[in-house]
Amino acid sequence: MRQLSTNPHHFRLVIDRGPDRTLMTEPRILVLIPARMAATRLPGKPLLDIAGLPMIVHVLRRAEAAGVGRVAVATDTPEIAAVVTAHGFEAVMTRADHPSGSDRIYEALGKLDPGGEADIIINLQGDFPTIRPDNIRDVLAPLADPTVDIATLAAEIHTEEEALNPNVVKLVGSPINPKRLRALYFTRATAPWGDGPRYHHIGLYAYRRAVLERFVTLAPSTLEQREKLEQLRAIEAGMRIDVTIVDTVPRGVDTPADLETARQILAKS
């Protein structure tokens, strides 16, 4: 499968079948980046400087470079909105009391697209300044299958340290093909047991609009609260999550050490 960008607000999913190509639906896609200042471990991180630019601007530039559709930041902080618009991007103000990024982007969706034109919503974390634009495109591939509700990403784990780290969320999935899994579970434990690959989940999601609308109405689920992983709410509600396997994990920025690593990476680019 490959994807062809046809204009800034559309994304065409193409399945190659020998000399013929079957065009799937051509959905309208909205990329929303939730951002707030009140991060516990790294306060004010969306506006922290990385290689001369605020972190949120790096994420926006990568989302724009992906070329999949309209891009906007959903925030409760006027300072973030001001920086976003000063760099030529779009911001929408949301309430401050949202319990999660999913709730924040859902409010933003209603404000940005009240007519319901967007079919797919990508939830891109605002602390992924090194994410590759092609990985943002990769998350869309599973949604060519109409039975898939939510799509996300994972990369194979190659070190024991990563496999044992409870801060690394592991995806347990059933293989569909060499580059795709159907998610069965997400956990902070080292899983699954036995020989074979383990996968590091990457917190980038693509939702069908109706699925996001349903998801935010659901109460936090039992396993979600136990593992502290929001995506388990969808699994427990019977939603299908499929996963594109990619080669690298983007550097998330949660600590001062993460910030310094991101600065080193982006200083070279």
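Predicted model: local features only at pLDDT ≥ 70, side-chain atom pairs only at ≥ 80, totals over all residues.
User: Where does Thr75 lie, and is Thr75 buried or exposed?
Analyst: Thr75 lies in strand 7, which covers residues 70-75, and Thr75 counts as buried because its relative accessible area is 0%, where buried means under 20%.

User: What does the side chain of Thr75 reach on the backbone of Ala35, and what on that of Thr77?
Analyst: The side chain of Thr75 reaches the backbone oxygen of Ala35 at 2.8 Å, and the backbone nitrogen of Thr77 is reached by the Thr75 side chain at 3.1 Å.

User: Switching topic, how many residues are in the largest nonpolar core, and which have the most contacts inside it?
Analyst: That core has 35 residues, and Ile33, Ile122 and Leu124 are those with the most contacts inside it. Elements that each supply at least two residues of this core include strand 4 (29-35), strand 7 and helix 2 (78-86).

User: Which helix gives the most to this core?
Analyst: Helix 1 gives the most, with 6 residues.

User: And what is Ile122 in contact with, neighbours within four places in sequence aside?
Analyst: With those neighbours set aside, Ile122 is in contact with a list of residues including Ile29, Leu32, Val68, Ile136, Leu140, Leu204 and Tyr205.

User: What other core lies apart from the largest one?
Analyst: Another core, of 32 residues, lies apart from it, and among its members are Ala72, Val92, Leu112 and Phe215.

Definitions and conventions: Residues numbered from 1 in each chain as written. Heavy atoms only, no water. Helix = DSSP H or I, 4+ residues; strand = E, 2+ residues; numbered from the N terminus. Buried < 20%, exposed > 50% of the residue type's maximum accessible area, 1.4 Å probe, protein only. Polar contact = N/O pair within 3.5 Å; in protein donor to acceptor, adjacent residues only side chain to side chain. Core = buried A, V, L, I, M, F, W, Y, C linked by side-chain atoms within 4.5 Å. Contact = heavy atoms within 4.5 Å.
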